[in-house]
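This report was prepared for a reader who wishes to relate the sequence to the arrangement of the chains. Please consult the structure shown below alongside the text.

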There are 2 protein chains.
Amino acid sequence: MIIGGAEDKLRKRRVLKEFVAAAGGPEARIAVLPTASSLGDEIVEVYDALFRAEGAAEVVAVRPENRDEAHDADLVEELGKATGVFMTGGNQLKLSAIICGTPVGDAILAAHQRGAVVGGTSAGASIQSSHMIAMGVGGSTPKQRMTQMAAGLGLLQGVIIDQHFEQRNRYGRLLMLVAQSPQLLGIGVDEDTAAVVTEDVLSVIGRGAVTILDPSRITTNAFDAGRAAPLLASGVVLHVLPSGTRFDLTTRTLLTPDPRVDPLEAKELAEAGRDLSQMARDIAAADASPGALRRRLRRKRRPPEDVEYGEYAEHDRQDGADA
Amino acid sequence: MIIGGAEDKLRKRRVLKEFVAAAGGPEARIAVLPTASSLGDEIVEVYDALFRAEGAAEVVAVRPENRDEAHDADLVEELGKATGVFMTGGNQLKLSAIICGTPVGDAILAAHQRGAVVGGTSAGASIQSSHMIAMGVGGSTPKQRMTQMAAGLGLLQGVIIDQHFEQRNRYGRLLMLVAQSPQLLGIGVDEDTAAVVTEDVLSVIGRGAVTILDPSRITTNAFDAGRAAPLLASGVVLHVLPSGTRFDLTTRTLLTPDPRVDPLEAKELAEAGRDLSQMARDIAAADASPGALRRRLRRKRRPPEDVEYGEYAEHDRQDGADA
C-alpha cells in the first residue's frame with residue numbers, strides 16, 4: 001500500500017482504516033518502521049494510537065537507526081510475526097541506506113512474500129519500488145538533473161514511485177526519471193491517497209488521485225540534453241486515476257470499474273426500459289400515429305425522456321442561480 | 001505566436017526578438033493591444049520601447065476599453081496597416097468580452113488571415129484559441145469545476161491554450177478541460193516560452209517547454225464526477241516539447257528535428273567513419289588477425305573507439321569530481 005503522504009489521521013482516516021483492515025483488523029499485528037523520520041518516539045506513539053483506534057490487536061516499533069541495528073535479530077523476529085508493516089514518512093535515502101540489503105530489509109520482503117500487507121507513506125511509499133526517487137525539486141516541466149535515483153526496497157519491480165504528487169507539483173521530476181529509464185512506469189500518488197497493489201492490479205483509495213506515466217513509446221532527448229535544460233518527452237501515456245479506479249500494471253490499461261448502481265436508480269431505469277419496450281411493441285403493431293404516441297405519453301406519470309431531460313434542466317437552473 | 005507569460009524583457013529577449021522578426025524586422029509595424037491589462041499606459045510604453053529596441057519601424061497602441069470603442073473605425077484602420085499584432089497579459093475574459101465579435105476582433109482575424117503575425121502573452125495567449133480557459137485554480141490533479149471555458153478569438157481552431165503552465169502548476173485544470181472536451185488539444189505554455197504556429201506546425205522557442213495533452217483516446221468520468229472530485233483521465237497522450245522541437249498539430253506527432261551537427265564534430269565523425277571503412281576492408285582482405293589489428297590500432301593517433309569512450313570517461317570523471 002503506497003500512500004502519498006499526509007494521510008488523514010483525525011477525521012475519516014480512510015487510508016489508515018484500509019491498512020488495518022488489510023493487516024487483519026482485530027487480528028492485526030503491525031510493525032511500525034519510523035527509521036525515515038527525524039522525529040522522536042512521538043511518531044511511533046501517533047501510529048500506535050491510530051492503528052489501535054482502528055482496531056489493531058498489537059502495534060510494535062521496529063526502529064533501526066544504523067545498519068548495525070538493522071542486523072538485530074529481535075527486530076527481525078518482530079517483523080516475522082507482523083501481519084502488517086508500516087513505514088513512516090521522512091527521508092527515504094536515510095531509510096534505504098539503513099535497511100536495504102540487511103536482515104531487517106529482507107524480513108520486510110519476506111513478510112510481503114508471505115502475504116503480510118506492507119505499507120508506507122511519503123518516504124515509506126517511495127522506498128517500495130525497485131527504483132527510488134531521491135531528492136529533487138518541484139515543477140511541471142521535466143528538466144535534466146532535477147532529481148536523482150537510488151535503489152529501493154523492491155517490493156514492486158519496474159516502477160518508480162513519487163508522492164505528495166499534486167501538492168508539490170512533481171510532474172516534472174517523475175517525467176525526467178521515466179524519460180531516462182523508459183522501462184519503468186512512473187507512479188505519482190497525491191496526499192491522503194493510496195495505491196493498493198494486489199497481484200498486478202493497482203487500486204486507488206483516498207481523497208486525491210494516482211497519476212501513472214507510461215513512457216513505453218516515448219521519444220526523448222534525455223540522454224543528451226544539457227544540464228538543467230527542459231527535456232523532450234513526447235508520446236508518454238498519462239493516466240489520472242481517482243478513488244475507486246483500478247489499473248492493470250502488466251497491460252498498463254485501465255480496468256473496467258465494478259458496476260455500482262444506486263438501487264433506486266436501477267429501479268427507475270428498469271421501469272423506463274419496460275416503457276420503451278412497450279412503445280417499441282406499439283410501433284411494431286402500427287399503433288403509433290403521432291397522435292396515439294402523444295396520448296400514450298400524456299397517460300404516463302413520468303415518461304422516461306422527461307425524467308432525463310428534467311434532471312438536466314433542473315441542474316442547469318441551479319447553476320444559473322449560483323452564478 | 002503563443003507566449004506563456006513573463007517573457008524575458010531585459011536580457012536576451014529571445015521570444016520578443018522572434019516576434020519582431022516575424023512581423024518584418026525593420027519594416028515591422030506593430031499594433032499593441034493592452035486591453036487585457038489593468039495597468040495604465042505604462043504597459044504600452046514598455047512594449048513600445050521593447051519592439052523599437054528590437055528594430056521595429058513603428059509601434060501603435062490599439063486600446064478599446066469597452067465594446068463601443070471596439071467598433072472605432074480608427075482602431076480598425078490601425079490594425080489594417082499592422083504587420084504584427086501583440087496582445088498583452090492581464091484578464092483574458094476582459095479582453096474577449098471587449099473585442100470578440102467586434103470590428104476590432106474581426107480586424108485581428110483579418111490581419112492573421114493576410115499573413116500578419118498575431119502574438120500574445122499570458123491572457124493574450126489564451127484568447128487565441130477557439131476555446132478559451134477562463135479563471136481557475138492550480139494543482140496537478142484534474143478536478144471537476146477547477147476552471148471554466150469561454151469562447152476565444154479563434155485564430156487557432158480545435159485547441160485550448162493555458163499559460164504560466166509550469167510556474168502555476170496547471171496540469172490539473174488543462175486536463176479537466178480536455179477530459180470534458182476531448183475533441184480539443186490542450187496546449188500549456190511555460191513562462192518565457194512561445195509556441196509559434198505556422199500552417200499546422202507548432203515550433204517551440206524560449207526557456208521552458210510547451211506541454212501538449214492529446215485526449216483523443218481518453219477514458220474519463222468527466223461527465224458525471226461529483227463537484228470538486230478528482231477526475232478519471234486515462235490514456236491521455238502527453239508531449240513535453242522544449243525549445244527547438246516541432247509538432248504537427250494535424251497528425252498530433254512530433255516532427256523529426258532538423259539535423260544540427262557541430263562542424264567540428266562532423267569532421268571527427270567523418271574521419272572515424274573512414275577509419276572504420278578501412279578496417280572493414282582490411283578484415284575482408286583477411287589482414288585482420290588479432291595481432292595485426294592491435295598493431296594497426298597502435299599506429300593510429302586516435303582510434304575512433306577511444307575517441308568515443310574517452311569522452312564518456314572524461315565526462316564521468318568530471319561528474320565524480322563535482323559530487
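**Overall make-up**

The model is predicted, not determined by experiment. Chain A contains 10 helices and 16 strands. Of its 323 residues, 50% count as buried. Among contacts in chain A that link residues at least 6 apart in sequence, 73% join residues at least 24 apart.

**Pairing of chains A and B**

Two copies of a chain are related by a rotation about an axis and a shift along it. Here, chain A is superposed on chain B by a rotation of 180° with 0.1 Å of shift along the axis, and the RMSD is 0.1 Å. This is the relation of a two-fold axis. In chain A, the C-alpha nearest that axis belongs to A:Val237, 2.3 Å from it.

The interface involves 37 residues of chain A in contact with 37 residues of chain B. Between them the two chains bury about 2,700 Å², of which 54% is on carbon and sulfur atoms. On the side of chain A, the residues that lose the most area to chain B are A:Glu166, A:Leu238 and A:Val240, which together account for 21% of what that side buries. Because 100% of the interface residues of chain A are also interface residues in chain B, the copies meet through the same surface.

**The largest nonpolar core**

In soluble globular proteins, nonpolar side chains tend to be buried together. The largest nonpolar core in this model has 44 residues, and the members that touch the most others are A:Tyr171, A:Leu213, B:Tyr171, B:Leu175 and B:Leu213. At least two residues of this core come from each of H7, strand E12 (209-214) and strand E14 (233-242) of chain A, and from each of helix H7 (171-180), strand E12 (209-214) and strand E14 (233-242) of chain B.

B:Leu213 illustrates how the chains come together in this region. Leaving aside neighbours within four places in sequence, its contacts include A:Leu238 from the other chain, and B:Tyr171, B:Leu175 and B:Val237 from its own. Helix H7 of chain B is mostly covered, with 9 of its 10 residues buried. Among these buried residues are B:Tyr171, B:Leu174, B:Leu175 and B:Val178, and these four are also in contact with B:Leu213.

**Positions annotated as active site**

An unreviewed UniProt entry carries the annotation "active site" for A:Ser122, A:His164 and A:Glu191. Although spread over 70 residues of sequence, these positions cluster in space, with a largest C-alpha distance of 8.4 Å.

A:His164 lies in the loop between strand E8 (156-163) and helix H7 (171-180) of chain A. A:Glu191 is placed in the loop between strand E9 (185-189) and strand E10 (193-198) of chain A. Burial is taken as under 20% relative accessible area. A:His164 therefore counts as buried at 5% relative accessibility, and A:Glu191 likewise counts as buried at 14%.

The side chains of A:Glu191 and A:His164 make a polar contact at 2.6 Å. Beyond its neighbours within four places in sequence, A:His164 is in contact with residues including A:Ser122, A:Asn169, A:Arg170 and A:Val189. A:Glu191, with its own such neighbours left aside, is in contact with residues including A:Gln167, A:Arg168, A:Arg207 and A:Gly208.

**Local features**

A:Thr102 is found in the loop between helix H4 (92-99) and helix H5 (103-113) of chain A, and at 0% relative accessibility A:Thr102 counts as buried. The side chain of A:Thr102 reaches the backbone oxygen of A:Ile99 at 2.7 Å. Apart from neighbours within four places in sequence, A:Thr102 is in contact with A:Arg67, A:Ala70 and A:His71.

Most residues other than glycine have a negative phi.

| Residue | Phi | Loop location |
|---|---|---|
| B:Arg13 | about 50° | between strand E1 (2-3) and helix H1 (14-22) of chain B |

A:Glu199 is exposed, with a relative accessible area of 74%.

Methods:
Residues numbered from 1 in each chain as written. Chains lettered and ligands numbered in written order. Predicted model: local features only at pLDDT ≥ 70, side-chain atom pairs only at ≥ 80, totals over all residues. Heavy atoms only, no water. Least-squares fit on C-alpha atoms with pLDDT ≥ 70 in both. Contact = heavy atoms within 4.5 Å. UniProt positions renumbered as here; feature names shortened; annotations may be inferred. Helix = DSSP H or I, 4+ residues; strand = E, 2+ residues; numbered from the N terminus. Buried < 20%, exposed > 50% of the residue type's maximum accessible area, 1.4 Å probe, protein only. Polar contact = N/O pair within 3.5 Å; in protein donor to acceptor, adjacent residues only side chain to side chain. Core = buried A, V, L, I, M, F, W, Y, C linked by side-chain atoms within 4.5 Å. Buried area = accessible area lost by both parts, 1.4 Å probe.
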